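User: I would like to learn how to read the features of a structure such as this one, taking the general idea before the particular case. Could we begin with the way strands are put together into a sheet?

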Amino acid sequence: LGAPQVLAWGLRGLRGGVRAPSLEVQCGGRTLQTPPIADLAANPNFPINAFLLTLHLPVEEEYVPPIRLRVLDTRDFGYHPEVGQACVRGLGQYCCQPHGEGQPPGPGNPPTGSEPGHLGHRGHQGHPAPPYPAPCQAAEEEEEEDEDDWWSKYYATMGDKAKSHRGTNQDRLKIYSCELEAVPEFEGLQDFCQTFPLYQPGGHPAAGEDPVPMGEFKGLFCIYPLPEDPRVPPPPRHFQDLPPSQPQKCLVRVYVVRAFDLPPRDRNGLCDPYVRVSLGTKTLGQRDQYVPNTLEPVFGRLFEMTGTIPLEKDLRVSLLDYDLLPPDQEIGTTTIDLENRLLSRFRAHCGLPTLYRTWVPPGWGYRGAGGIGVHGPELRRGHGDGQRNGEGEGTGCWAQDGDGRLALHMLRTCHLVPQHLETRTLYNSTQPGLEQGKVQMWVDIFPASLGPPGPPIDITPRKPQRYELRCVVWNTRDVDLGDTNLVGQRMSDIYVTGWLEGLEEQRQRTDVHYRSLQGDGAFNWRFVFSFEYLAAEQLCRDTPFSPRLPPQEHFWSLDETVLKVPPKLLLQVWDNDKFSADDFLGVLELELTRLPRPAQRPQDCTPTPPGPPQSPWPWGGPRTPSRLSLFRQRRVRGWWPCTVQEGGKQRLSGKLELSLELLTANEAEERPAGKGREDPNMYPRLPAPVRPEWSFLWLQAPLRSLRYGVWHQHRCRISLGLALLLLLALLLTFVYAAPGYLAMKLVNPLQSLHHAGGEGVA
């Protein structure tokens with residue numbers, strides 16, 4: 001003899017103008033019919049929920065007959081048409097023992113471990129940590145809470161310490177890789193009642209197609225044996241102390257964090273997704289709030305709406321691809337049954353935090369004792385919403401410490417749903433059964449009968465801050481000489497280029513220091529780079545700020561493609577050539593968050609070893625190279641080494657004297673400075689560099705090039721050669737004129753003329 005007990009909770013989603021439906025349950029030749037639902041639009045639950053059937057069932061499970069469900073509508077003149085049906089097989093899963101014989105509790109009853117006596121015992125054995133933290137630990141938590149946000153907790157859970165900055169703080173989220181109802185320990189969130197689809201009676205779907213449900217039945221079955229002796233009292237029934245079946249108004253907060261593995265929808269292989277949330281007739285989400293050109297968007301969006309459960313129980317979260325001309329393409333949708341979460345004994349309507357927070361920062365929200373969303377120990381009156389300063393911004397609030405920590409510690413022993421982030425799979429009706437990506441989100445449900453909840457959690461994506469980096473290139477030393485002049489001297493025409501990684505469009509270069517014979521160069525040249533920096537993630541955006549520079553990846557792209565890269569300054573030293581490609585002389589990479597300390601003298605500037613340097617003492621371990629963050633120190637000056645790759649090794653190829661200064665956007669406006677030596681030439685003022693007289697382009701003054709390139713180096717030889725040439729010219733002149741003079745001396749024609757002249761006079 002068995003007793004199948006039926007929990008008929010209600011009917012959902014019936015279509016076709018159903019007026020007053022009732023449920024007929026058939027099993028083993030016995031029939032049970034529930035009272036009809038008077039007004040399906042006002043309350044879709046049955047007026048009486050628990051029923052009992054008494055019948056003989058076989059011992060073997062395979063011979064147990066199925067349970068047939070028929071939904072009958074009440075029409076005029078006593079007409080009761082059948083509007084839906086279902087068949088429940090495999091009743092072995094519903095077999096249980098009566099209360100008091102070690103069976104699991106039924107719906108509406110708390111689990112065994114939730115009784116006060118069990119809470120204390122299990123909490124003492126399974127959780128030896130005291131509910132009150134050590135004083136030093138609490139102080140450290142309070143210091144970290146001032147700088148932490150929700151994203152710090154998220155990245156700490158993901159294991160990204162660089163973005164979390166939490167250190168040893170154990171405040172973590174629980175990130176599930178599936179839907180919350182798919183987690184085995186939560187029994188599909190159908191521990192109170194299950195959902196049975198109803199199908200059209202007599203309907204035959206086409207070949208290869210699945211039947212379409214026309215509604216749902218919310219209920220549960222429990223089969224347990226009855227004593228055959230009528231004198232023995234029957235065991236206590238299940239489904240006692242049921243919650244009220246009246247609809248209740250709830251505040252629903254939907255937190256959509258991010259999505260990934262989305263299919264491409266645009267020609268560039270990306271998509272422009274945005275979120276749309278629907279509950280009943282309410283729809284939230286604007287199409288202009290899309291994330292452009294990505295398959296892994298980070299939304300950080302909160303959608304808050306009110307709904308009446310179970311009249312509006314299905315929450316639909318959809319991702320759509322923004323197009324210039326509507327309608328937009330649907331990427332995928334996921335549906336959440338809010339009623340199951342609200343009725344589940346695992347308390348899935350609001351997650352339980354890991355730590356009790358004595359300090360609630362503004363924007364985190366407060367939901368009961370320690371932000372756990374229960375209506376137990378509350379905040380002291382006057383501090384529930386936090387103190388407000390003169391600018392209207394929340395400064396946080398202090399929660400009651402003693403009872404709150406103990407309440408949280410005991411609630412955690414009940415294995416309730418923790419503060420979590422569920423990963424839901426998206427599906428598209430045009431491609432049924434094929435995954436269209438995943439979305440990470442969570443939902444909080446607050447019944448209005450329990451009072452107003454606290455403020456929501458702020459999950460807005462971290463906004464970057466605008467910075468301006470000013471890099472002044474003062475001098476160079478010992479730069480490799482890449483050219484040979486006409487007289488065989490090694491020389492280089494040195495100039496320096498610089499840019500931030502990911503912002504190649506902001507590349508800048510100095511003027512040229514011509515004819516450097518020893519690798520020395522003087523520039524006094526300022527580079528100015530603007531960028532946006534995320535301090536929490538230590539990354540900067542690579543989108544340019546100049547409207548003249550198109551950030552679109554393709555000409556048909558509507559928006560810019562945003563990427564995040566580490567803040568790294570790249571400086572390269574080149575040799576300028578007029579009739580051939582410039583020669584590369586060396587590179588210097590400076591990561592602004594891990595900047596190596598510069599040398600104060602050029603002779604102390606050496607390349608940084610690739611590994612940690614070893615201590616000179618045998619008992620000393622490896623020493624960590626000294627590094628600093630420019631975002632903290634803001635200004636630094638010194639010498640850094642330039643290197644070049646040769647044979648798989650780094651070789652020193654020069655030294656750069658730089659001064660780096662980092663300013664915020666407001667500081668840059670208050671202290672303007674031009675690029676190079678342009679106006680405004682301030683902070684600091686850069687004078688023209690003092691360069692040797694021979695530092696000029698030889699094409700502009702060829703004679704000066706001969707003067708400084710030939711005369712200064714070979715003036716002794718040139719003077720000696722000129723003297724020898726003069727002596728040779730004199731010698732040749734003497735040799736050429738000597739015969740004539742000798743002939744004149746021997747013949748002496750002037751003397752004969754003199755005698756002839758004397759005789760004529762006489």
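Analyst: Two strands are said to pair if DSSP finds at least two bridges between them, and the strands themselves (E, at least two residues), like the helices (H or I, at least four), are DSSP runs numbered from the N terminus. This is a predicted model, in which local features need pLDDT of at least 70 and side-chain atom pairs count only at pLDDT 80 or more, while totals for chains, interfaces and linings use all residues. Residues are numbered from 1 along each chain as its sequence is written, and side-chain values use heavy atoms, with hydrogens and water left out.

User: In what order do the strands of the open sheet of 4 strands follow one another?

Analyst: The order is S3-S2-S5-S6, with antiparallel pairing. Strand S3 (30-33) and S6 are the edge strands, each pairing on one side only. On average, neighbouring strands are turned by 15° against each other, direction ignored, where the axes are lines fitted to C-alpha atoms (for helices, over the stretch in contact) and angles run from 0 to 180 degrees between N-to-C directions.

User: How many bridges join S2 to S3, and which residue is the bridge partner of Val-25 in S5?

Analyst: S2 and S3 are antiparallel and joined by 4 bridges, while 5 bridges join strand S2 (residues 22-27) to strand S5 (residues 67-72), again antiparallel. Val-25 has Leu-69 as its bridge partner in S5 and Leu-32 as its bridge partner in S3.

User: Why is strand S19 described as largely enclosed by the rest of the structure?

Analyst: The idea to start from is burial: buried means under 20% relative accessible area, exposed over 50%, and partly exposed in between (1.4 Å probe, protein chains only). Because 12 of the 17 residues of strand S19 (residues 431-447) are buried, the strand is largely enclosed by the rest of the structure. Strand S10 (residues 248-260) runs antiparallel to S19 and is joined to it by 10 bridges, with Tyr-255 partnered by Trp-442. Strand S18 (residues 420-428) is also antiparallel to S19, through 6 bridges, and these two form a hairpin with 2 residues between them.

User: How many residues of helix H3 are buried?

Analyst: In helix H3 (residues 150-158), 7 of the 9 residues are buried, among them Trp-150, Trp-151 and Tyr-154. The helix is followed by Gly-159, whose phi is positive, near 90°.

User: How many disulfides does a search of the whole structure find?

Analyst: A disulfide is counted here as a pair of cysteine sulfur atoms within 2.5 Å, and the search finds 0. As for individual cysteines, Cys-178 is partly exposed at 24% relative accessible area, whereas Cys-193 is buried at 2%.

User: What is the mean pLDDT of the chain, and where does pLDDT stay under 50?

Analyst: pLDDT is the predictor's confidence in each residue, from 0 to 100; its mean over the chain is 79, and 75% of the residues reach 70 or more. Over residues 361-400 it stays under 50, although the model has 101 contacts there beyond four places in sequence, a contact being heavy atoms within 4.5 Å.
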